[in-house]
Amino acid sequence: MRRNIALIPAAGVGERFGAGKPKQYVEIAGKTVLQHTLAIFLNCAVIDKVAVVLSPDDAVFQTGMHDKLHVLKVGGQTRAESVRNGLAALLQAGLAAETDNILVHDAARCCLPQEALMRLIETAGGCEAGGILAVPVADTLKRAEGKAIGATVPRSGLWQAQTPQLFRAGLLYKALAVPDLGAVTDEASAVEMLGVHPLLVLGDTRNLKLTLPQDEYIVRLLLQQAD
């Protein structure tokens, strides 16, 4: 039976957020961002396991015991390396099979609605090509030319990628088993390089990524509404 396994890379330092600590450890509403994120998957009945990938030097991580949770201190220098290392650790330890669904999710997306998560699993969970949450681009896009507008880019057909991104473990491992991960911007981009076309599954604008300091205000409001 195919399992759904969440993989949360959380080895980053969050330099753009400027909190003096990794942004996944910023405390909001009494819990760290990472604790909020993990809870989304730990509390989802159709998620069988949750693996969090930490830096080998991480001395901050704390969470309550949970039989679904597996902590992997194999984080790399980049997100792609952390995902590759985490997936390899799961496969080598027998915690995942190549036919299992791996749902890679940003540690800093702590407001993912359960209905969006379920929509991804129900739509892409049985698809060999996998799929990602994404939302159609709503704003007008401009291409810069120096500090001026060089051109307006048509937004028709453009989508903004979110996470989770769901792929069979074997497919994702093959996609990430390349010498240079520099061109990998997300898991879907790696899979696309194999000639595979993942599904676009409608995401949710509440599923924002905590990136800049001003994002914290919106995240606080969203978490308060969810309580």
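**Reading the model step by step**

Modeller: Alanine 29 sits in the loop between β2 (27–28) and β3 (31–32). Helices (H or I, at least four residues) and strands (E, at least two) are DSSP runs, numbered from the N terminus. This is a predicted model, where local features need pLDDT of at least 70, side-chain atom pairs count only at pLDDT 80 or more, and totals for chains, interfaces and linings use all residues. Residues are numbered from 1 along each chain as its sequence is written, and side-chain values use heavy atoms, with hydrogens and water left out.

Biologist: What is the phi of alanine 29?
Modeller: Most residues other than glycine have a negative phi, and most peptide bonds are trans. Alanine 29 has a positive phi of about 55° although it is not a glycine.

Biologist: Is alanine 29 buried, partly exposed or exposed?
Modeller: Buried means under 20% relative accessible area, exposed over 50%, and partly exposed in between (1.4 Å probe, protein chains only). Alanine 29 is partly exposed because its relative accessibility is 44%.

Biologist: You mentioned peptide bonds; which residues does a cis peptide bond join?
Modeller: Threonine 163 and proline 164 are joined by one, with omega at about 10°. Proline 164 belongs to strand β10.

Biologist: Where is glutamine 165, and what does its side chain reach?
Modeller: Glutamine 165 is in strand β10 (residues 159–168). A polar contact is a pair of N or O atoms within 3.5 Å; within protein, one must be able to donate a hydrogen and the other to accept it, and residues adjacent in sequence count only if both atoms are side-chain atoms. Here the side chain of glutamine 165 reaches the backbone oxygen of glutamine 162 at 3.1 Å. Glutamine 165 has 1% relative accessibility, so it counts as buried.

Biologist: Which residues does leucine 120 touch?
Modeller: Contact means heavy atoms within 4.5 Å. Not counting residues up to four places away in sequence, leucine 120 touches several residues, including Leu103, Ile132, Pro164 and Val201. Leucine 120 is in helix α3, and it is buried because its relative accessibility is 0%.

Biologist: What about arginine 119: where is it, and which residues is it in contact with?
Modeller: Arginine 119 is in helix α3 (residues 114–124). Leaving aside neighbours within four places in sequence, arginine 119 is in contact with Val201, Leu202 and Gly203. A polar atom of the arginine 119 side chain lies 2.9 Å from the backbone oxygen of leucine 202, and that side chain also reaches the backbone oxygen of glycine 203 at 3.2 Å. Along the chain, arginine 119 and valine 201 are 82 residues apart, yet their C-alpha atoms are 7.4 Å apart in space.

Biologist: At what angle do the axes of α2 and α4 cross?
Modeller: Axes are lines fitted to C-alpha atoms, for helices over the stretch in contact, and angles run from 0 to 180 degrees between N-to-C directions. The axes of helix α2 (residues 79–92) and helix α4 (residues 169–176) come within 10 Å and cross at roughly 135°. That makes α2 oblique to α4. Angles under 35 degrees count as roughly parallel, over 145 as roughly antiparallel, 65 to 115 as roughly perpendicular and the rest as oblique.

Biologist: Which residues make that contact?
Modeller: From α2 come Val83, Arg84, Leu87, Ala88 and Leu91, and from α4 come Ala169, Leu172, Tyr173 and Leu176.
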